[in-house]
Amino acid sequence: MKIREMVAHGPLLSDGAWGTQLQARGLGLGECPDAWNLSHPEDVCAVARSYIEAGSRVLLTNTFRASPIALAGYGLAGQMARMNTAGVAHSRDAASATGAYVFASVGPSGKLMMAGEVTESELLQSFRLQCEALASARPDALLLETMSDLEEARIALAAAKTTGLPVIVSFAFDTGRKRDRTMTGITPEQAAAAMEEAGADAVGANCGNGIEAFADVCARMRAVTTLPLWMKANAGMPCIVSGEAVYDTTPEDFAAHLPQLLAAGAAFAGGCCGTSPAFIRALGKGWPHAIPADRL
Amino acid sequence: MVDRKRLYDAVLNGDQKDAVAVTEEALAEGIEPMELINGCMIPAMDEVGRLYEAEEYFVPELLLAARAMKGSMALLRPLLAAQGAEPVGRVAIGTVKGDLHDIGKNLVASMLEGGGFEVFDLGADVAPERFIEAIREKGAKIVCLSALLTVTMPSMRVTIEALKSAGVRENVKVFVGGAPVTRQFAEEIGADGYGENANVAVALARQAAGLSVPV
C-alpha cells in the first residue's frame, strides 16, 4: 500500500522509543539493542506489544543499527540478515493484533562520508544489504531515520527504493541556535525538497531536541513538498539525576504540542528518545477523530 | 614572494591542495614554520570558529578547514620536530566505554591535530585504563571524553573516578562533550570543562595548553 493511501483517512499515531524500553528490561551498557531480536525475542515482542496496546497504528522495528557497517562495530555483522528479519517478524507479530502497519527502521551508518570515514560504494552496499534483508520479511514500508547528511540520505534512499517498498526519509534537526539544522547544516526545506526529488514517498523529522521545535520544522517542510510528513520528536534534553538520564518532559507536556503539529501538516506523529507507551497514550487521547472505526 | 593571505584563505575555504602548495612555496622561501602557524593558520581557524558560531559554517566546513590545516601541518611538523619544538600540547581523546559513536570525537581530534596538538586517538568504546595508559606512557596532559548516548554518559564519571584512583587526575585537564552532555553534567562529574561543540573543545584545549583563545 502507498503511504498516501495509509493516511488518506487522517493522520496516524506511531510509536515511541525502543532503546530505553529495552534498557528497562535489562539491556546492558554498550550492548547492541538489535541483537536482542535474536537473543531476547520475548522482550522485543513485549516492547512492540506495549506500543500496540498504547494505540500505535504504525509500529517500527528494532533494527535501527542492524546495518553491516553499524554491526561491524559490535562484531556482529555476521548476524545482520537474521537480526533484520527477526526484527520485522517481532513487530508484525504484535501489530497483527490490530492490523497496525510495520515500518522497518534503518538508521544512519554512523560514519561521515565527507570525512573520508566511509566511501559512497560502502554506504550503498551496507544500506542495500540491510534493506534487502528487511524487505524479505515484508514490512509495509522502510523508514530511513535520524539522517544528517543529505548525501548519505540520498544513497540510503536509492538502496531502499530497489526493494519496491514505500520509503520514508526522516532527518534529525538538532543543530544551530534554533535547532533547525542537521549536524551537517541541512535545513528542513533542503531535506524535504531533495528527498522528494530523489523519489521518497514521505519525508520528516525525528529525534531532534524536544517537540517544541517540530511544528515549525513540519510547516517548513510542508511549504516545499506535498509528500506526507513523518514527525517523531524526542522528549528533549535529558538531565542526569544520580547517574541516570531523566527527561523533564511529561507525556502530557509532549501531547500538548500535538494540535500544532497536526495543524502544520503532520501525517504521522509519535515519539523518539525518552518517550514511552505513556507518551503514545497521551498523544492518542488528543488524537483527532478522523481514524475510521475499522482501524481502531 | 609568497602571499601569506593565500594560506589563510586556503584554510578558511577548506582548500587542502592550495594549503599544501602555499606551505611548500613559503618553506622554499625560508619562512619559519611557526610564523605560518601563528601568522596564518591559527587566525584562519579562529575565523572558521567564528563562522561556525555565527551558523554560516557547519560540520562539513569545519572538517574541510581542519583537513587543509592538517595538510599543511604534515609538512611543518617534521621541521618543527627537527628544531626541537614541542607540539602545542598532547591530547588523549576517545568515546567512553559502552559507546561506539565516533563522528563528534573524530571531528574534535581532527581539529586539534590541525591546531598543532599531538593527538592520541584511542577510538570508541574506550576503557578508563586506556586513558590512564595514554597519560602515563604518552604524556597526555589533556583528556577529551565523548559520549552520544544518555546511557553511556555515566561512563564519563567512571573514567574520571578511575583517573583519580590511578593518581593521575591532577596531572591532566579533562574535557567532556557529546550531544546529550550538558555543562551541569560536566560540573557534576568533576570535569574541567564542557565542549558544547567541536569549536569550543578546541578553544578549551588551547586554553589548557596556555595558548591564546579567541574571544
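Where in chain A is the place of R179(A)? I found R179(A) in the loop between β5 (167-171) and α9 (188-197) of chain A. I took helices (H or I, at least four residues) and strands (E, at least two) as DSSP runs, numbered from the N terminus.

**Ground rules.** This is a predicted model, in which local features need pLDDT of at least 70, side-chain atom pairs count only at pLDDT 80 or more, and totals for chains, interfaces and linings use all residues. Residues are numbered from 1 along each chain as its sequence is written, while chains are lettered from A and ligands numbered from 1 in the order in which they are written.

I checked the backbone of R179(A) and read a positive phi of about 50 degrees, although the residue is not a glycine. Most residues other than glycine have a negative phi. R179(A) counts as partly exposed, because it has 17 C-beta neighbours inside 10 Å. My scale: buried means 20 or more other C-beta atoms within 10 Å of a residue's own, exposed means 12 or fewer, and partly exposed lies in between, with C-beta atoms placed from the backbone.

Next I looked up A213(A), in the loop between β6 (202-207) and α10 (214-222) of chain A. A213(A) has 20 other C-beta atoms within 10 Å, so it is buried. Leaving aside neighbours within four places in sequence, A213(A) is in contact with F173(A), R179(A), D180(A) and G208(A). Contact means C-beta atoms, placed from the backbone, within 7 Å.

**Chain A as a whole.** I listed 13 helices and 10 strands in chain A. Its radius of gyration is 17 Å, close to the 19 Å that the globule rule gives for 296 residues, so chain A is as compact as a globular protein of that length. The radius is taken over C-alpha atoms, and the rule is 2.2 Å times the number of residues to the power 0.38. Buried residues make up 57% of the chain.

**Cores.** The largest nonpolar core has 96 residues. L144(A), I168(A), V203(A) and M231(A) have the most contacts inside it. Another core lies apart from it, with 78 residues, among them M41(B) and F185(B). I counted as a core a set of buried Ala, Val, Leu, Ile, Met, Phe, Trp, Tyr and Cys residues joined through C-beta atoms within 7 Å.

**A sheet in chain B.** Which order do the five strands take? I read β2-β1-β3-β4-β5 (chain B), an open sheet with parallel pairing. Two strands pair if DSSP finds at least two bridges between them. The edge strands are β2 (118-121) and β5 (193-195) of chain B, each pairing on one side only. Five bridges join β3 (residues 142-146) to β4 (residues 173-177) of chain B. One bridge pair is V143(B) with V174(B).

**D125(B).** I placed D125(B) in the loop between β2 and α6 of chain B. Its phi is near 55 degrees, again positive in a residue other than glycine. D125(B) is buried, with 20 other C-beta atoms within 10 Å.

**Where the chains meet.** I found 24 residues of chain B in contact with 23 residues of chain A. On the chain B side, α4 (59-82), α5 (103-114) and α8 (183-188) each supply at least two residues. That side divides into 12 nonpolar, seven polar and five charged residues. Here Ala, Val, Leu, Ile, Met, Phe, Trp, Tyr, Cys and Pro count as nonpolar, Asp, Glu, Lys and Arg as charged, and the others, Gly among them, as polar.

Terms used
Two residues are in contact if their C-beta atoms, placed from the backbone, lie within 7 Å.
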